[in-house]
Amino acid sequence: MTLAIVLAAEPAAGRLTERLAAQWRRAGAADVRVAADLTELADLVADATGPVLVSGPDLVAHTAVLKHLATSPVGPTVALVLTDPPAPGQATVREERGQVVEVGAADPSGVFGGALRVGAADLPALAEAARRAAGGGPLGAVDRLVADLAARGTLIFAQRVRLLVAHRVGDEAQRAAAESAVAAVDEDRAELKLSVKERDDFFTTFFVSTWSPYVTKAAARIGIGPTGVTMVSVAFAVAAAVLFGTGGRPALVAGAVLLYLGFVLDCVDGQLARYTRHFSAWGGWLDTMADRFKEYVVYAGLGFGATHAGFRYGWALALAAMTLQTVRHMTDTWYGALHDEAARRPKVVSADAGGIGGKLNAASTRVQADTGSVSYWLKRTVVFPIGERWALIAIAAALFGPLVALVAVLVWGTLAFAYTGGLRTLRARWMRVPVLTTVDAGLHRDDGLLARTLPTARRPLLLAVLGALGAAGTLVWALLAVHGGGDLPVWVPVLALVLLLGAAQGSRASHDGSLDWLVPAALRAAEYLFAIAVGVAGRAPAWLIFGYVLVLTLLHYDLTARLEKRQVAPPLHAATLGWPGRSLLLAIGLIAGYASYALATLGAYLLVVFVASVVLAWVVLPARARGGVRSPG
């Protein structure tokens, strides 16, 4: 149950307090209370069991602003941040990457908006902060509360106001002006515009978001939820993949159209969630998993189509594209986590502002701030985001066929990886933030039981890179051996396995190096390349190798989605054996002469475990917690 508390300790109470209480009810609060002071607020919070919404009485805003704060999916604890100039008694804040990194900052980026949502896990900190701030001070009561909460190390995310209106008022004239500004804005129209991401990529901004809000509005009217739109988008992508595999100009053009429409729907599901404010951990997880599944199924269709058209290595290109994108996404996720951690440590970030990393960071900040400039759009396009990938696939497949589409994805993807990887490496060394010390490194490395039984070695990044090089070398040797009509010597996969297990020895080492955020991506590359090498050396069907690696990507994206959504490990994670255990079983299968059977059996087992884990995580366990049997939605 969500509790809303209006803190009426300020002189400007009365009608504004009643108005805010009514707005909190319309925003979804199940219970609304008025607290006379911070001590009373602390007592109310002590009895709360769910999220708590807190506001002062001086806030005049659209109800949608409060609803957005109450339903924000960015984190459990969220504060309203305004761009208004601060008035006496109001706390200034500095925001970085969506986080409030400092309250009372000397270089503020906004002012606290007088309202916040506090997640259930942070309620003890909120109650203690209220008691500590009850003694008074130069700030207003609600401002003292958020300042003390931030000082206690609580992670607070920022909720900005776009298109809608929110102001803190100090007198009757300001109140009347703010109410007039609220009345002048069409709330529903503004909310529909707000459903579109504020900053998106070039193709999405100019070729999708210009008309997708109309689809979003229609879907909301007929009652289709975000999950339903996601499923239709998956169906479109699968149909496009089938058409790409069929070949022939009409089929390729039709596949390109379906791929584009599927991407539009991929944008619509997020817009619909933001417009209707229907967010859930299940929906966020499903969106992440569906995006990757759709893209990789399209790669499979292109690989089959290229092979069917007479190119021998069509499946190999599809495998390369899938492996490249997965490793890229792993670095994206971990660099994002690194950057978020750096934002919470501003003093460390600014320690070497004159170095190359500092200059790159400053240049990037300037470019990102100059929205609409050529450099801004070039920066957003060169990294090859999903909109540009799908547009390139659709155009290249329709005009030139599956082979050209795959080659184009690989070339642009490789260049983008080199560009982002190089710049991020320089900036990471400048940040000097060991991100893997703040998360469960063993979980997100996907080490498994075997890694935990090996002795611990230092330098996890070096070990991971050596393992990846060993796997890559094995793949090259396997390709040469098979191409020459021979067999892979037994000692080659054994040596590669030794290198892989050496990488596993870094599982319990301290991941405190400035580049250790690259470890999970290097381990993903090592496992995929070794699995492909086993398949090639064992002369397994190309589609079987692709299918096995696809199952691995589902397991790894499950971990990635959980990291991004701050979820715990999958229920059956231990049953996936970890990457060292899986690699060992494949090596045994190859040496015994049953590589295809090993890939098929292990792949089927992992798929069953994945599906069972999904059902447990999102259906069975939530139903038990609710005492019912309803499915997620």
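How do the residues lining the largest cavity divide into nonpolar, polar and charged?

## The ground rules

This is a predicted model, where local features need pLDDT of at least 70, side-chain atom pairs count only at pLDDT 80 or more, and totals for chains, interfaces and linings use all residues. Residues are numbered from 1 along each chain as its sequence is written, and side-chain values use heavy atoms, with hydrogens and water left out.

A cavity here is a set of points, on a 1 Å grid over the protein atoms alone, where a 1.4 Å probe fits but cannot get out; lining residues have an atom within 4 Å of a point. Points are joined across faces, edges and corners, and a volume is the space filled by probe spheres set on them. The count comes to two cavities of 30 Å³ or more.

## The largest cavity

Back to that opening question: the lining divides into five nonpolar, four polar and three charged residues (Asp, Glu, Lys and Arg count as charged; Ala, Val, Leu, Ile, Met, Phe, Trp, Tyr, Cys and Pro as nonpolar; the others, Gly among them, as polar). Among them are Asp446, His573, Arg582 and Phe610. The volume is about 100 Å³.

α24 gives the most, with four.

## The second largest cavity

This one holds about 60 Å³ of space. Its lining includes Met330, Trp334, His444 and Arg524. Two or more residues come from each of α13 (314-343) and α24, and α24 again gives the most, with four.

How values were computed
1 Å grid on protein atoms, 1.4 Å probe; cavity = no way out; pocket = protein on both sides within 12 Å on 5 of 7 lines; lining within 4 Å.
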